[in-house]
Amino acid sequence: MSKVNSKKTNTKKRKNLTKKTRFEVFKRDSFTCQYCGNAAPNVVLEVDHIKAVANGGDNGLINLITSCFSCNRGKGARKLDDNTVVEKQRQQLEELNERRIQLEMIMDWRRDVEDIDKITVDMICEAISTKSQLSPNDSGKRDIRKWLKRYSFDEILDAIDSSFSQYLDWDNDEEATSESWNKAFDYVPRISSVKRRTKEKPYLRELYYIRGILRNRVYVNESYIMDLLEDAVSYDADLEGVKYLAKTCNNWTQFKEKVEDYICVMKERSEQ
Ligand SMILES: [Zn+2]
């Protein structure tokens, strides 16, 4: 009895498949019976439920498969019930297809990224060439790619502007000397770094200026000077006064001691 009932339900539901759904299933399966491999028009095709409607299978495309008339009635080369293998194959095929699509997407994406990198490097070379009439070679381009890992495009362009304006020397034929060109090129990342730091701490520009004055006049303890000046700034030192001291001191020790004295006094005051 129960068998008859379920068959009735099955038949009823199957009739509910629209022509469009059947067409989609047939197209997907290349109008070929997925159990025996016979294709239309040699055989009449039907749509079979992989999980029977009686067992809760629905009319979704994933549960539908193309079957010939014979296979659908259990008379074909394969038994109708033996559909786990078919289902597995279908899943593998879908997975393979999905992987292929994703691989194509990844390759497109990589091509895009490489294009952007190349264009960015070319634009930086162009900026250098505009400034110096000379363009970086492959080794220079490799350096530029390294710069781009640390600094933004704008930071690098800004540094190129400063460096090539400052360090380039021109020979009699109005060509940049290779020595000065290399120096200007090598200074680009350093200038990028300094510019970034001065952006974060605007007073650094003043401190670098004070260090520059000292360097021109006396011996400077390079490992200590910036710490000393930053300390002075943190105690609200008058930078014009420090600048004056840098211009007038007799030597590094005198400069250092005066600044240290100032810091000492300010420290004591703040602790009182
Ligand atoms: Zn078949």
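How many of the residues of strand 1 are buried? Five of the five are, so strand 1 is largely enclosed by the rest of the structure. Buried here means under 20% relative accessible area, exposed means over 50%, and partly exposed lies in between (1.4 Å probe, protein chains only).

Before going further, a word on what you are looking at. This is a predicted model, in which local features need pLDDT of at least 70 and side-chain atom pairs count only at pLDDT 80 or more, while totals for chains, interfaces and linings use all residues. Residues are numbered from 1 along each chain as its sequence is written, and side-chain values use heavy atoms, with hydrogens and water left out.

**The overall picture**

The protein has 272 residues, of which 31% count as buried. It contains 11 helices and two strands, arranged along the sequence as α-α-β-β-α-α-α-α-α-α-α-α-α. Helices (H or I, at least four residues) and strands (E, at least two) are DSSP runs, numbered from the N terminus. Among contacts with a separation of 6 or more, 63% join residues 24 or more positions apart; a contact means heavy atoms within 4.5 Å.

How confident is the predictor? The average pLDDT is 85, and 89% of the residues score at least 70; pLDDT is the predictor's confidence in each residue, from 0 to 100. Residues 1-14 stay under 50, and the model has eight contacts beyond four places in sequence for them. Where pLDDT is low, the predicted coordinates should not be read in detail.

**Two strands side by side**

Strand 1 (residues 45-49) pairs with strand 2 in the antiparallel sense, over five bridges. Two strands pair if DSSP finds at least two bridges between them.

**Side chains around the strands**

His49 belongs to strand 1, and its side chain makes a polar contact with the side chain of Asn59 at 2.6 Å. A polar contact is a pair of N or O atoms within 3.5 Å; within protein, one must be able to donate a hydrogen and the other to accept it, and residues adjacent in sequence count only if both atoms are side-chain atoms.

Asn63 sits in the loop between strand 1 and strand 2. Its side chain reaches the backbone nitrogen of Lys51 at 2.7 Å. Beyond its neighbours within four places in sequence, Asn63 is in contact with Asp48, His49, Ile50, Lys51, Gly57 and Asp58.

**The zinc ion**

Which residues hold the zinc ion? Cys33 (SG), Cys36 (SG), Cys68 (SG) and Cys71 (SG) coordinate it at 2.2 to 2.3 Å. Donors are N, O and S atoms within 2.8 Å of the metal (3.2 Å for Na, K and Ca); water is not among the atoms, so sites may look incomplete. Along the chain, the donors follow the spacing C-x2-C-x31-C-x2-C. The donor atoms subtend angles of 101 to 117° around the zinc ion, which makes the arrangement tetrahedral; four donors count as tetrahedral if all angles lie between 85 and 135 degrees.

**Helix and loop residues**

Glu24 lies in helix 2 (residues 19-28).

Most residues other than glycine have a negative phi. Gln133 is not a glycine, yet it has a positive phi of about 65°; its place is the loop between helix 4 (84-132) and helix 5 (138-150). Asp236, also not a glycine, has a positive phi of about 55° and is found in the loop between helix 9 (222-234) and helix 10 (239-248).

The table lists how accessible some of these residues are.

| Residue | Relative accessible area | Class |
|---|---|---|
| Cys33 | 2% | buried |
| His49 | 4% | buried |
| Asn63 | 8% | buried |
| Cys36 | 26% | partly exposed |
| Glu24 | 31% | partly exposed |
| Gln133 | 58% | exposed |
| Asp236 | 65% | exposed |

Definitions and conventions. Tetrahedral: all angles 85-135°; square planar, octahedral: opposite > 155°, others 65-115°.
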